[in-house]
Amino acid sequence: MKFATYGRKSVYSDNSDSVDNQERMCREYADFRFKDQVESFEAYSDEGLSGANTDRPGLKRLLSDVEDGRIDALIVYQLDRLSRDVKDFANIYDKLAEKGVMFISLKESIDTNTPIGKAMMFITATFAQMERETIAARVADNLSGLARKGFWTGGKAPQGYVLERIEVNGKKHVTLAVDPEAGARCTWIFNTFLDNNYTIGHMQTEFRKQGIQTERGCFFSASQIYQFLTMPYCVEATAEVYDYFSGKGCRMEAGSPREKWDGTRGVMVYGRTNQKNRRIIRQPPDQWIVCLGYHKPFIPAERWLAVQERFQQNTFNKTMKYDVPLLKGVVRCKCGCLMSVARKKLKSGILSHYACRKRNQQGIEACDMRYVKCADLDKMALDIFGRIEADPSVIFEYVKDAKPQDHDQILRNLETQANHYRAKIERLSDALSDAEGSTAAKYIIAQIEKEDLNLEAVRREIDIVKSNMRKDQNTIKTAEDRAAEIARLMQGLDGFSDIEKNKIMQEVVQECKWDGNMLVLRL
């Protein structure tokens, strides 16, 4: 049997359930419980990663090998090492059961060979999720309590500030202290934006022209400028600022009533962002908790509010004024940057072009890609789909790794090698019987062990080739399904609106790049 173990540790430690110890105990169990049945033993692990989701490299490799049939049994030290989420665990177990993989958890004494083992497995997984959610809620409540008192709850200090450790009523806390140089820089950016009546894009262009860079020596991006100008911590906490946040629907902390907002302190906002699957997601204002901060402000309230008012005035109607090109939001320049749509009014109508954003923002020295008519690139894409509709086999030119390799000859060669080693081992075994008790016996045994290692290596290569053959078969089926779907879409494409056609392209196209001469598509 081919065994595997999976170990995980959220934070590195050297105690009994470290990744190394988890692997060691699983190996010892396999050797004891399945004596003389362990054909191979592979270890998979993830260090410093949470069990709250399945986005873990080691786990992905494990599941890939399960899918390829390389594992007969999976042993874990503890159930929550695999997952702390019941839904994720159920999905993982379904994949194991589908491939006939035995599952064993040492600490809970779970063995899925028995009905009671299966039942206990899901009960334990439910309690693991409940424990994770309880811990998460406790941490969130603690951070929320600190934020309501105006302290900094963790992470990098915002622009214009440094972190400062203080002691209040015998307890240690972290607050923000104004960095004079960085604070002056932020103030200058606010004043420059207001006094020149800039838009974000115009300000980005002007900064680049004037050589104005960030502290790290890079040119400002539009998103960086926006973060500077919407940062709430630096503004004086006045009654007008209170009304601004209240008007946005924020949750105003009862311990910071409006009458206390006298401008002497800064603003603390908790819950502006949230992290999910390692991605920072901006929360809507009704999820923000706003209160008086413990720190000092450095931007006058009237200036900060004037900037926010400018952003309110710059909102626009998102109803599309022009037709949406087919590859909008899909096609990228040769430099890797997403191409935007530029339009020009002519006497005969509107002419739309795809333009490299990097060139528009950083100039020709960053990218020399010229404008290209939207109609020209869109026609190239439709021609490709038309070819696939006419001949489904054409799709193999546009699906990555879709063309299967010729594994049959490789497999035959490996089987020949395996048979050669088996025959050699058999001959040596016969010779060993004849030489029993002689000095030659130990040399024959050594040769048998050597040939057995060679045979095992060939067997592994055979397993890999067979796995790749199964992958190719799945890839071919997937490609054929895509070709049929594209043919169906092409037949009814004229019945869709421009926006719907564009959404179809975003779903169907995995990669689309224009190199100046040829449109490269991956489906």
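Reader: Which residues form the covered face of strand 17?
Author: This is a predicted model, in which local features need pLDDT of at least 70, side-chain atom pairs count only at pLDDT 80 or more, and totals for chains, interfaces and linings use all residues. Residues are numbered from 1 along each chain as its sequence is written, and side-chain values use heavy atoms, with hydrogens and water left out. Strands are DSSP runs of E with at least two residues, and helices are runs of H or I with at least four, numbered from the N terminus. In a regular strand the side chains alternate between the two faces of the sheet. In strand 17 (residues 511–514), Glu511 and Lys513 make up the uncovered face, and the covered face consists of Cys512 and Trp514.

Reader: Which residue is the bridge partner of Cys333 in strand 17?
Author: Strands pair if DSSP finds at least two bridges between them. Strand 13 (residues 332–333) pairs with strand 17 in the parallel sense over 2 bridges. The partner of Cys333 there is Trp514.

Reader: Which residue of strand 18 stands opposite Glu511?
Author: Strand 18 (residues 519–522) pairs with strand 17 in the antiparallel sense over 4 bridges. Opposite Glu511 stands Arg522.

Reader: Which residue takes a positive phi in the hairpin of strand 17 and strand 18?
Author: The hairpin has 4 residues between the strands. The residue with a positive phi, near 105 degrees, is Gly516.

Reader: What percentage of the protein chain counts as buried?
Author: Buried means under 20% relative accessible area, with a 1.4 Å probe and protein chains only. Of the 523 residues of the protein chain, the buried share is 40%.

Terms used: Buried < 20%, exposed > 50% of the residue type's maximum accessible area, 1.4 Å probe, protein only.
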